[in-house]
Amino acid sequence: VRFANGRLQRPDALRFTVYRNRDAAHPRKRHRRILVSETERLCYVGHNFGSEVLKCNSLCRYFVGVLDKNSGEMDVYNAEIFNMQPLLSGGRCWGSQLLNCFVLLIPALFPQRGVRMIPSLLHTERDSGRGKPARPVPAGLSREDFSFLWNEQWGLCSLGCTGCFNVCFSHVQMDLCIEAFGTSKQKRALSSRRMNAVGNDIVSTAVTKAAANVIDAKGVTALMQDMAQDDVQNISAFLPPCHEDADRPEHVYKFDDILSPAEYEALRVPAAALASVTTEELAKRAEERSHCSFVLEELKFLPADEKRRDHKARCLWFLDTLIRFSHLKVIKKKHPMGPECPHVISRKLMKNFTSLTYNNGSIQNLISASMKAKITAYVIALALHINNFQTDLTVLQNDLKLTESRILDIAKALRLKVSKAKGVPGLENDQNHKLGTLSLPLPAQKAPEGQRKRKKMN
(Lines give C-alpha, C1' and ligand atoms only; values in the text may rest on other atoms or scores of the structure.)
Protein backbone atom coordinates (compact mmCIF):
# COMPACT_ATOMS: atom_id res chain seq x y z
CA VAL A 1 0.00 0.00 0.00
CA ARG A 2 0.89 3.64 -0.27
CA PHE A 3 -0.80 6.53 1.47
CA ALA A 4 -1.98 9.59 -0.41
CA ASN A 5 -1.29 12.09 2.37
CA GLY A 6 2.11 11.02 3.70
CA ARG A 7 4.32 8.15 4.85
CA LEU A 8 3.94 5.72 7.69
CA GLN A 9 6.02 6.28 10.80
CA ARG A 10 4.82 3.18 12.63
CA PRO A 11 3.72 0.46 10.19
CA ASP A 12 3.16 -2.00 13.03
CA ALA A 13 0.40 0.23 14.48
CA LEU A 14 -1.89 -0.39 11.50
CA ARG A 15 -4.64 -2.94 11.16
CA PHE A 16 -5.77 -3.93 7.67
CA THR A 17 -9.02 -5.54 6.55
CA VAL A 18 -9.69 -6.79 3.04
CA TYR A 19 -13.17 -7.04 1.54
CA ARG A 20 -13.89 -8.94 -1.64
CA ASN A 21 -16.90 -8.86 -3.94
CA ARG A 22 -19.49 -11.53 -3.24
CA ASP A 23 -20.10 -12.21 -6.92
CA ALA A 24 -17.31 -14.77 -7.40
CA ALA A 25 -18.70 -15.90 -10.77
CA HIS A 26 -18.54 -12.49 -12.46
CA PRO A 27 -15.30 -12.22 -14.51
CA ARG A 28 -14.63 -8.64 -13.37
CA LYS A 29 -16.31 -8.31 -10.00
CA ARG A 30 -14.59 -11.37 -8.55
CA HIS A 31 -11.24 -9.54 -8.62
CA ARG A 32 -12.54 -6.42 -6.87
CA ARG A 33 -11.05 -5.73 -3.45
CA ILE A 34 -11.48 -2.98 -0.86
CA LEU A 35 -8.67 -2.50 1.64
CA VAL A 36 -9.36 -0.68 4.90
CA SER A 37 -6.72 0.42 7.39
CA GLU A 38 -7.20 2.19 10.71
CA THR A 39 -4.83 4.38 12.70
CA GLU A 40 -5.31 6.27 15.95
CA ARG A 41 -6.41 9.41 14.08
CA LEU A 42 -7.94 8.38 10.77
CA CYS A 43 -9.25 5.55 8.69
CA TYR A 44 -7.99 4.92 5.15
CA VAL A 45 -9.72 3.17 2.26
CA GLY A 46 -8.26 1.88 -1.01
CA HIS A 47 -9.73 -0.18 -3.82
CA ASN A 48 -8.60 -1.77 -7.08
CA PHE A 49 -11.58 -0.72 -9.21
CA GLY A 50 -13.30 2.48 -10.24
CA SER A 51 -12.11 5.73 -11.80
CA GLU A 52 -9.51 6.51 -9.11
CA VAL A 53 -7.67 3.20 -9.34
CA LEU A 54 -3.92 3.30 -9.93
CA LYS A 55 -2.90 2.87 -13.57
CA CYS A 56 0.32 1.09 -12.63
CA ASN A 57 -1.57 -2.11 -11.78
CA SER A 58 -2.81 -2.40 -15.36
CA LEU A 59 0.52 -1.55 -17.01
CA CYS A 60 2.81 -3.95 -15.17
CA ARG A 61 2.78 -6.79 -12.66
CA TYR A 62 3.96 -6.68 -9.07
CA PHE A 63 5.27 -9.54 -6.96
CA VAL A 64 6.12 -10.05 -3.30
CA GLY A 65 8.87 -12.46 -2.35
CA VAL A 66 8.79 -14.23 1.03
CA LEU A 67 12.18 -15.65 2.00
CA ASP A 68 12.38 -18.73 4.21
CA LYS A 69 15.55 -18.17 6.22
CA ASN A 70 15.80 -21.82 7.22
CA SER A 71 15.62 -23.33 3.74
CA GLY A 72 16.92 -20.31 1.82
CA GLU A 73 14.02 -20.58 -0.65
CA MET A 74 11.76 -17.73 -1.66
CA ASP A 75 8.07 -17.99 -2.51
CA VAL A 76 6.81 -15.39 -4.99
CA TYR A 77 3.22 -14.15 -4.89
CA ASN A 78 1.21 -11.84 -7.11
CA ALA A 79 0.62 -8.41 -5.58
CA GLU A 80 -1.36 -5.23 -6.15
CA ILE A 81 -0.67 -1.66 -5.08
CA PHE A 82 -3.48 0.08 -3.21
CA ASN A 83 -3.59 3.86 -2.92
CA MET A 84 -4.99 4.55 0.55
CA GLN A 85 -7.12 7.69 0.81
CA PRO A 86 -8.12 9.19 4.19
CA LEU A 87 -11.82 8.78 4.92
CA LEU A 88 -12.88 12.32 5.79
CA SER A 89 -16.48 12.57 4.59
CA GLY A 90 -19.30 11.77 6.99
CA GLY A 91 -19.36 11.26 10.72
CA ARG A 92 -17.98 7.76 10.91
CA CYS A 93 -14.72 5.91 10.48
CA TRP A 94 -15.69 3.15 8.04
CA GLY A 95 -17.62 0.47 9.95
CA SER A 96 -15.59 -0.27 13.05
CA GLN A 97 -16.19 3.10 14.73
CA LEU A 98 -19.97 2.68 14.44
CA LEU A 99 -19.78 -0.85 15.82
CA ASN A 100 -17.81 0.44 18.81
CA CYS A 101 -20.32 3.26 19.33
CA PHE A 102 -23.56 1.32 19.40
CA VAL A 103 -23.69 0.62 23.11
CA LEU A 104 -22.41 4.08 24.07
CA LEU A 105 -24.78 5.95 21.80
CA ILE A 106 -28.03 4.32 22.89
CA PRO A 107 -28.19 5.87 26.43
CA ALA A 108 -27.62 9.32 24.97
CA LEU A 109 -30.99 9.10 23.25
CA PHE A 110 -32.76 8.49 26.56
CA PRO A 111 -31.02 10.60 29.24
CA GLN A 112 -34.02 10.26 31.56
CA ARG A 113 -33.44 6.47 31.75
CA GLY A 114 -29.81 6.56 32.81
CA VAL A 115 -26.88 4.55 31.56
CA ARG A 116 -28.01 1.38 33.29
CA MET A 117 -31.19 1.15 31.22
CA ILE A 118 -29.87 -0.09 27.89
CA PRO A 119 -32.64 -1.32 25.56
CA SER A 120 -32.55 -4.90 24.44
CA LEU A 121 -34.52 -5.57 21.26
CA LEU A 122 -35.67 -9.15 20.91
CA HIS A 123 -37.52 -8.92 17.58
CA THR A 124 -37.55 -6.16 15.01
CA GLU A 125 -39.96 -7.46 12.45
CA ARG A 126 -41.89 -4.46 11.16
CA ASP A 127 -45.66 -4.65 11.46
CA SER A 128 -46.99 -4.37 7.92
CA GLY A 129 -50.61 -4.09 9.02
CA ARG A 130 -51.52 -7.54 7.75
CA GLY A 131 -52.58 -9.03 11.06
CA LYS A 132 -49.09 -9.62 12.37
CA PRO A 133 -48.61 -9.15 16.11
CA ALA A 134 -47.32 -5.78 17.24
CA ARG A 135 -43.63 -5.40 17.84
CA PRO A 136 -42.63 -6.22 21.44
CA VAL A 137 -41.33 -3.28 23.45
CA PRO A 138 -37.68 -3.77 24.46
CA ALA A 139 -36.93 -4.22 28.15
CA GLY A 140 -36.44 -0.90 30.00
CA LEU A 141 -38.20 1.15 27.27
CA SER A 142 -41.74 2.53 27.33
CA ARG A 143 -44.18 2.20 24.43
CA GLU A 144 -43.94 5.97 23.78
CA ASP A 145 -40.11 5.95 23.66
CA PHE A 146 -40.10 2.90 21.43
CA SER A 147 -42.68 4.43 19.10
CA PHE A 148 -40.62 7.63 18.92
CA LEU A 149 -37.51 5.58 18.20
CA TRP A 150 -39.24 3.74 15.33
CA ASN A 151 -40.98 6.76 13.80
CA GLU A 152 -37.83 8.89 13.79
CA GLN A 153 -35.95 5.97 12.19
CA TRP A 154 -33.23 5.94 14.79
CA GLY A 155 -32.54 2.43 13.66
CA LEU A 156 -33.34 -1.26 13.74
CA CYS A 157 -31.11 -4.27 13.49
CA SER A 158 -31.71 -7.20 11.21
CA LEU A 159 -34.19 -9.89 12.14
CA GLY A 160 -32.95 -11.94 15.06
CA CYS A 161 -30.64 -9.39 16.62
CA THR A 162 -30.77 -9.67 20.43
CA GLY A 163 -28.61 -6.98 21.90
CA CYS A 164 -28.00 -3.81 19.90
CA PHE A 165 -29.46 -1.10 17.74
CA ASN A 166 -28.13 -0.13 14.31
CA VAL A 167 -28.20 3.60 15.02
CA CYS A 168 -28.71 5.76 11.90
CA PHE A 169 -28.94 9.41 12.84
CA SER A 170 -27.40 12.66 11.66
CA HIS A 171 -23.67 13.37 11.70
CA VAL A 172 -24.12 16.25 14.15
CA GLN A 173 -25.89 14.07 16.69
CA MET A 174 -23.27 11.38 16.29
CA ASP A 175 -20.47 13.88 16.93
CA LEU A 176 -22.23 15.07 20.07
CA CYS A 177 -22.52 11.49 21.29
CA ILE A 178 -18.84 10.87 20.61
CA GLU A 179 -17.92 14.01 22.58
CA ALA A 180 -19.99 12.84 25.54
CA PHE A 181 -19.54 9.08 25.54
CA GLY A 182 -16.87 8.20 23.00
CA THR A 183 -13.53 6.57 23.66
CA SER A 184 -10.27 8.49 23.47
CA LYS A 185 -9.59 7.04 20.04
CA GLN A 186 -12.99 8.15 18.72
CA LYS A 187 -12.53 11.63 20.14
CA ARG A 188 -9.12 11.95 18.45
CA ALA A 189 -10.65 10.87 15.15
CA LEU A 190 -13.45 13.43 15.60
CA SER A 191 -10.98 16.21 16.34
CA SER A 192 -8.87 15.27 13.31
CA ARG A 193 -11.92 15.22 11.06
CA ARG A 194 -13.02 18.64 12.24
CA MET A 195 -9.53 20.04 11.66
CA ASN A 196 -9.59 18.66 8.11
CA ALA A 197 -13.05 20.16 7.55
CA VAL A 198 -11.79 23.57 8.66
CA GLY A 199 -8.78 23.16 6.36
CA ASN A 200 -11.04 22.33 3.44
CA ASP A 201 -13.14 25.44 4.08
CA ILE A 202 -10.02 27.61 4.18
CA VAL A 203 -8.72 26.12 0.93
CA SER A 204 -12.11 26.51 -0.76
CA THR A 205 -12.32 30.16 0.29
CA ALA A 206 -8.76 30.84 -0.88
CA VAL A 207 -9.37 29.16 -4.25
CA THR A 208 -12.60 31.12 -4.77
CA LYS A 209 -10.84 34.38 -3.93
CA ALA A 210 -7.90 33.57 -6.22
CA ALA A 211 -10.26 32.68 -9.08
CA ALA A 212 -12.13 35.97 -8.63
CA ASN A 213 -8.82 37.88 -8.70
CA VAL A 214 -7.74 36.10 -11.91
CA ILE A 215 -11.07 36.85 -13.57
CA ASP A 216 -10.88 40.51 -12.55
CA ALA A 217 -7.29 40.86 -13.72
CA LYS A 218 -7.48 38.95 -17.00
CA GLY A 219 -11.10 39.06 -18.01
CA VAL A 220 -13.53 36.33 -18.99
CA THR A 221 -12.80 36.67 -22.72
CA ALA A 222 -9.07 36.13 -22.29
CA LEU A 223 -9.66 33.12 -20.05
CA MET A 224 -12.00 31.58 -22.62
CA GLN A 225 -9.36 32.08 -25.29
CA ASP A 226 -6.75 30.39 -23.08
CA MET A 227 -9.09 27.43 -22.55
CA ALA A 228 -9.70 27.16 -26.29
CA GLN A 229 -5.94 27.27 -26.90
CA ASP A 230 -5.41 24.44 -24.40
CA ASP A 231 -8.06 22.37 -26.20
CA VAL A 232 -6.36 23.06 -29.51
CA GLN A 233 -3.00 21.90 -28.10
CA ASN A 234 -4.60 18.67 -26.87
CA ILE A 235 -6.04 18.07 -30.35
CA SER A 236 -2.71 18.83 -32.04
CA ALA A 237 -1.09 15.88 -30.28
CA PHE A 238 -2.91 13.54 -32.70
CA LEU A 239 -2.37 15.58 -35.89
CA PRO A 240 0.57 15.72 -38.28
CA PRO A 241 2.94 18.64 -37.61
CA CYS A 242 1.31 21.81 -38.96
CA HIS A 243 3.44 24.63 -40.37
CA GLU A 244 1.12 27.61 -40.13
CA ASP A 245 3.64 30.02 -41.66
CA ALA A 246 3.83 28.02 -44.91
CA ASP A 247 3.52 29.96 -48.15
CA ARG A 248 2.18 27.01 -50.15
CA PRO A 249 -0.43 24.33 -49.29
CA GLU A 250 2.08 21.49 -49.77
CA HIS A 251 4.25 22.97 -47.02
CA VAL A 252 1.47 23.10 -44.38
CA TYR A 253 1.65 19.33 -43.78
CA LYS A 254 5.01 18.37 -45.17
CA PHE A 255 5.26 15.04 -46.94
CA ASP A 256 8.39 14.11 -44.96
CA ASP A 257 6.38 14.40 -41.73
CA ILE A 258 4.00 11.74 -43.04
CA LEU A 259 6.59 9.46 -44.67
CA SER A 260 10.28 9.81 -43.92
CA PRO A 261 12.79 9.31 -46.77
CA ALA A 262 13.73 5.86 -45.43
CA GLU A 263 10.08 4.80 -45.19
CA TYR A 264 9.35 6.19 -48.64
CA GLU A 265 12.24 4.20 -50.10
CA ALA A 266 11.00 1.02 -48.40
CA LEU A 267 7.69 1.35 -50.28
CA ARG A 268 9.33 0.99 -53.70
CA VAL A 269 9.03 -2.81 -53.88
CA PRO A 270 5.47 -3.35 -52.52
CA ALA A 271 4.10 -0.39 -54.53
CA ALA A 272 5.49 -1.68 -57.81
CA ALA A 273 2.49 -4.00 -58.23
CA LEU A 274 0.13 -1.01 -57.99
CA ALA A 275 2.17 1.05 -60.45
CA SER A 276 1.98 -1.70 -63.08
CA VAL A 277 -1.66 -2.68 -62.56
CA THR A 278 -3.70 -3.21 -65.73
CA THR A 279 -7.35 -2.45 -66.37
CA GLU A 280 -8.31 -6.14 -66.10
CA GLU A 281 -6.43 -6.56 -62.82
CA LEU A 282 -8.01 -3.39 -61.47
CA ALA A 283 -11.50 -4.67 -62.28
CA LYS A 284 -10.72 -7.96 -60.56
CA ARG A 285 -9.40 -6.18 -57.45
CA ALA A 286 -12.53 -4.04 -57.37
CA GLU A 287 -14.70 -7.19 -57.39
CA GLU A 288 -12.60 -8.78 -54.66
CA ARG A 289 -12.47 -5.50 -52.67
CA SER A 290 -8.78 -6.07 -52.08
CA HIS A 291 -8.28 -2.31 -51.69
CA CYS A 292 -10.37 0.50 -50.23
CA SER A 293 -12.67 2.58 -52.45
CA PHE A 294 -10.39 5.62 -52.42
CA VAL A 295 -7.40 3.62 -53.69
CA LEU A 296 -9.41 1.75 -56.32
CA GLU A 297 -10.72 5.03 -57.72
CA GLU A 298 -7.30 6.71 -57.75
CA LEU A 299 -5.70 3.73 -59.50
CA LYS A 300 -7.83 4.55 -62.52
CA PHE A 301 -6.00 7.85 -62.92
CA LEU A 302 -2.33 6.93 -62.50
CA PRO A 303 -0.04 9.39 -64.35
CA ALA A 304 1.69 8.28 -67.50
CA ASP A 305 5.00 9.70 -66.33
CA GLU A 306 6.97 6.89 -64.71
CA LYS A 307 8.34 8.94 -61.81
CA ARG A 308 4.99 10.50 -60.90
CA ARG A 309 3.26 7.14 -61.37
CA ASP A 310 5.67 5.46 -58.95
CA HIS A 311 5.23 8.29 -56.41
CA LYS A 312 1.44 8.05 -56.46
CA ALA A 313 1.53 4.25 -56.24
CA ARG A 314 3.69 4.43 -53.11
CA CYS A 315 1.34 6.95 -51.49
CA LEU A 316 -1.70 4.85 -52.36
CA TRP A 317 -0.12 1.68 -51.01
CA PHE A 318 0.70 3.33 -47.67
CA LEU A 319 -2.75 4.96 -47.46
CA ASP A 320 -4.43 1.62 -48.10
CA THR A 321 -2.25 0.04 -45.41
CA LEU A 322 -3.18 2.76 -42.91
CA ILE A 323 -6.89 2.26 -43.56
CA ARG A 324 -6.70 -1.53 -43.21
CA PHE A 325 -4.61 -1.09 -40.05
CA SER A 326 -7.30 1.17 -38.53
CA HIS A 327 -9.84 -1.69 -38.78
CA LEU A 328 -7.88 -3.78 -36.27
CA LYS A 329 -8.59 -3.66 -32.56
CA VAL A 330 -5.87 -5.55 -30.72
CA ILE A 331 -2.58 -6.32 -32.44
CA LYS A 332 -1.68 -9.92 -31.67
CA LYS A 333 0.74 -10.69 -34.51
CA LYS A 334 4.28 -9.46 -34.92
CA HIS A 335 3.56 -8.46 -38.53
CA PRO A 336 -0.17 -7.58 -38.55
CA MET A 337 -0.13 -6.33 -42.17
CA GLY A 338 1.47 -9.46 -43.59
CA PRO A 339 4.99 -10.40 -44.68
CA GLU A 340 4.87 -8.16 -47.76
CA CYS A 341 4.78 -5.05 -45.51
CA PRO A 342 8.33 -3.69 -45.05
CA HIS A 343 9.75 -3.92 -41.55
CA VAL A 344 10.26 -0.16 -41.25
CA ILE A 345 6.57 0.42 -42.08
CA SER A 346 5.39 -2.20 -39.58
CA ARG A 347 7.51 -0.59 -36.91
CA LYS A 348 6.11 2.83 -37.78
CA LEU A 349 2.52 1.56 -37.47
CA MET A 350 3.13 -0.13 -34.13
CA LYS A 351 5.07 2.77 -32.65
CA ASN A 352 3.04 5.74 -33.85
CA PHE A 353 -0.52 4.43 -34.20
CA THR A 354 -1.04 2.04 -31.28
CA SER A 355 -1.16 2.38 -27.52
CA LEU A 356 0.17 -0.17 -25.03
CA THR A 357 -2.21 -1.98 -22.71
CA TYR A 358 -1.77 -4.75 -20.14
CA ASN A 359 -4.18 -7.67 -20.35
CA ASN A 360 -4.11 -11.31 -19.25
CA GLY A 361 -0.54 -11.12 -18.06
CA SER A 362 0.93 -9.65 -21.24
CA ILE A 363 1.42 -6.27 -22.89
CA GLN A 364 -0.64 -5.75 -26.03
CA ASN A 365 -0.82 -3.08 -28.71
CA LEU A 366 -4.30 -1.57 -28.92
CA ILE A 367 -5.81 0.75 -31.52
CA SER A 368 -7.87 2.98 -29.27
CA ALA A 369 -10.34 5.66 -30.33
CA SER A 370 -7.67 8.35 -30.05
CA MET A 371 -5.25 6.30 -32.15
CA LYS A 372 -7.91 5.79 -34.81
CA ALA A 373 -8.43 9.55 -34.89
CA LYS A 374 -4.69 9.96 -35.38
CA ILE A 375 -4.71 7.45 -38.25
CA THR A 376 -7.63 9.33 -39.80
CA ALA A 377 -5.73 12.62 -39.61
CA TYR A 378 -2.69 11.12 -41.37
CA VAL A 379 -4.90 9.47 -44.00
CA ILE A 380 -6.54 12.81 -44.79
CA ALA A 381 -3.18 14.59 -44.94
CA LEU A 382 -1.80 11.96 -47.32
CA ALA A 383 -4.96 12.08 -49.46
CA LEU A 384 -4.49 15.84 -49.77
CA HIS A 385 -0.99 15.30 -51.20
CA ILE A 386 -2.36 12.71 -53.62
CA ASN A 387 -5.31 14.82 -54.86
CA ASN A 388 -3.75 18.27 -55.15
CA PHE A 389 -4.91 19.26 -51.64
CA GLN A 390 -8.58 18.59 -52.21
CA THR A 391 -10.14 15.27 -51.24
CA ASP A 392 -13.52 13.60 -50.90
CA LEU A 393 -14.04 13.16 -47.15
CA THR A 394 -17.13 10.97 -47.56
CA VAL A 395 -15.19 8.30 -49.47
CA LEU A 396 -12.55 8.26 -46.72
CA GLN A 397 -15.27 8.17 -44.09
CA ASN A 398 -16.77 5.02 -45.62
CA ASP A 399 -13.35 3.39 -45.96
CA LEU A 400 -12.41 4.19 -42.36
CA LYS A 401 -15.88 3.19 -41.06
CA LEU A 402 -16.42 6.46 -39.24
CA THR A 403 -19.42 8.68 -38.67
CA GLU A 404 -19.68 11.87 -40.67
CA SER A 405 -19.46 14.09 -37.60
CA ARG A 406 -16.23 12.36 -36.52
CA ILE A 407 -14.38 12.82 -39.79
CA LEU A 408 -15.64 16.39 -40.13
CA ASP A 409 -14.29 17.21 -36.68
CA ILE A 410 -10.87 15.83 -37.66
CA ALA A 411 -10.95 17.67 -41.00
CA LYS A 412 -11.73 20.96 -39.28
CA ALA A 413 -8.95 20.32 -36.79
CA LEU A 414 -6.65 19.96 -39.82
CA ARG A 415 -7.80 23.45 -40.87
CA LEU A 416 -9.65 22.26 -43.99
CA LYS A 417 -12.52 24.09 -45.58
CA VAL A 418 -15.46 21.70 -45.85
CA SER A 419 -18.01 22.10 -48.63
CA LYS A 420 -20.70 20.02 -50.29
CA ALA A 421 -19.85 18.35 -53.58
CA LYS A 422 -21.25 15.65 -55.82
CA GLY A 423 -19.37 12.46 -55.19
CA VAL A 424 -17.89 9.93 -57.53
CA PRO A 425 -20.58 8.12 -59.57
CA GLY A 426 -21.12 4.55 -58.50
CA LEU A 427 -20.27 5.09 -54.86
CA GLU A 428 -22.72 5.34 -51.99
CA ASN A 429 -24.37 8.66 -51.16
CA ASP A 430 -22.94 10.26 -54.28
CA GLN A 431 -25.22 13.28 -53.86
CA ASN A 432 -24.16 14.14 -50.28
CA HIS A 433 -20.40 14.04 -50.35
CA LYS A 434 -18.28 16.42 -48.31
CA LEU A 435 -15.20 17.92 -49.92
CA GLY A 436 -12.19 18.97 -47.84
CA THR A 437 -9.86 21.62 -49.23
CA LEU A 438 -6.55 22.89 -47.83
CA SER A 439 -5.99 26.48 -48.87
CA LEU A 440 -4.16 29.53 -47.58
CA PRO A 441 -4.64 31.46 -45.40
CA LEU A 442 -5.57 28.76 -42.92
CA PRO A 443 -8.81 29.26 -40.97
CA ALA A 444 -8.62 29.64 -37.20
CA GLN A 445 -8.40 26.32 -35.42
CA LYS A 446 -11.31 25.47 -33.14
CA ALA A 447 -11.85 22.70 -30.62
CA PRO A 448 -14.50 20.08 -31.51
CA GLU A 449 -17.98 21.20 -30.63
CA GLY A 450 -18.79 17.89 -28.97
CA GLN A 451 -22.36 16.65 -29.11
CA ARG A 452 -24.32 18.55 -31.71
CA LYS A 453 -27.78 19.87 -31.02
CA ARG A 454 -30.63 17.95 -32.56
CA LYS A 455 -32.68 19.74 -35.15
CA LYS A 456 -36.17 20.62 -34.10
CA MET A 457 -38.83 18.86 -36.14
CA ASN A 458 -42.24 20.34 -36.76
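Begin with the open space: the largest pocket holds about 1000 Å³. A pocket here is an open set of points, on a 1 Å grid over the protein atoms alone, with protein on both sides within 12 Å along at least five of seven lines; lining residues have an atom within 4 Å of a point. The volume is the space filled by probe spheres set on those points, which are joined across faces, edges and corners.

A word on ground rules: this is a predicted model, where local features need pLDDT of at least 70 and side-chain atom pairs count only at pLDDT 80 or more, while totals for chains, interfaces and linings use all residues. Residues are numbered from 1 along each chain as its sequence is written, and side-chain values use heavy atoms, leaving out hydrogens and water.

Now select His31, Asn48, Asn57, Ser58 and Glu80: of the 25 lining residues, these lie nearest the pocket's centre. The elements that give two or more residues to the lining are α1 (56–59), β6 (74–79) and β9 (355–359). β9 supplies the largest share, three residues. (Helices are DSSP runs of H or I with at least four residues, strands are runs of E with at least two, and both are numbered from the N terminus.)

Colour by domain next. Domain 1 (2–87) and domain 3 (239–423 + 432–437) both contribute to the lining, so the pocket lies between them. Those bounds come from an automatic or database domain assignment.

Strands count as paired if DSSP finds at least two bridges between them. Click Tyr62 and you'll find its bridge partner, Ala79, in β6. Six residues sit between the strands of this hairpin, and Gly72 takes a positive phi near 75°.

Next, show the open sheet of five strands, ordered β1-β7-β4-β3-β2 with mixed pairing. β1 (2–3) and β2 (15–20) are the edge strands, each pairing on one side only. Zoom in on β1 and β7 (residues 83–86), which pair in the parallel sense over two bridges; Phe3 has Met84 of β7 as its bridge partner.

Last stop: select Phe294, Leu319, Phe325 and Ile380, the residues with the most contacts inside the largest nonpolar core, which has 63 residues. α14 (369–386) is among the helices that give two or more residues to this core, and α14 gives the most, with twelve. Such a core is a set of buried Ala, Val, Leu, Ile, Met, Phe, Trp, Tyr and Cys residues joined through side-chain atoms within 4.5 Å, where buried means under 20% relative accessible area (1.4 Å probe, protein chains only).

Definitions and conventions: On a 1 Å grid over the protein atoms alone, a cavity is a set of points where a 1.4 Å probe fits but cannot get out, and a pocket is an open set with protein on both sides within 12 Å along at least five of seven lines; lining residues have an atom within 4 Å of a point. Buried means under 20% relative accessible area, exposed over 50%, partly exposed in between (1.4 Å probe, protein chains only).
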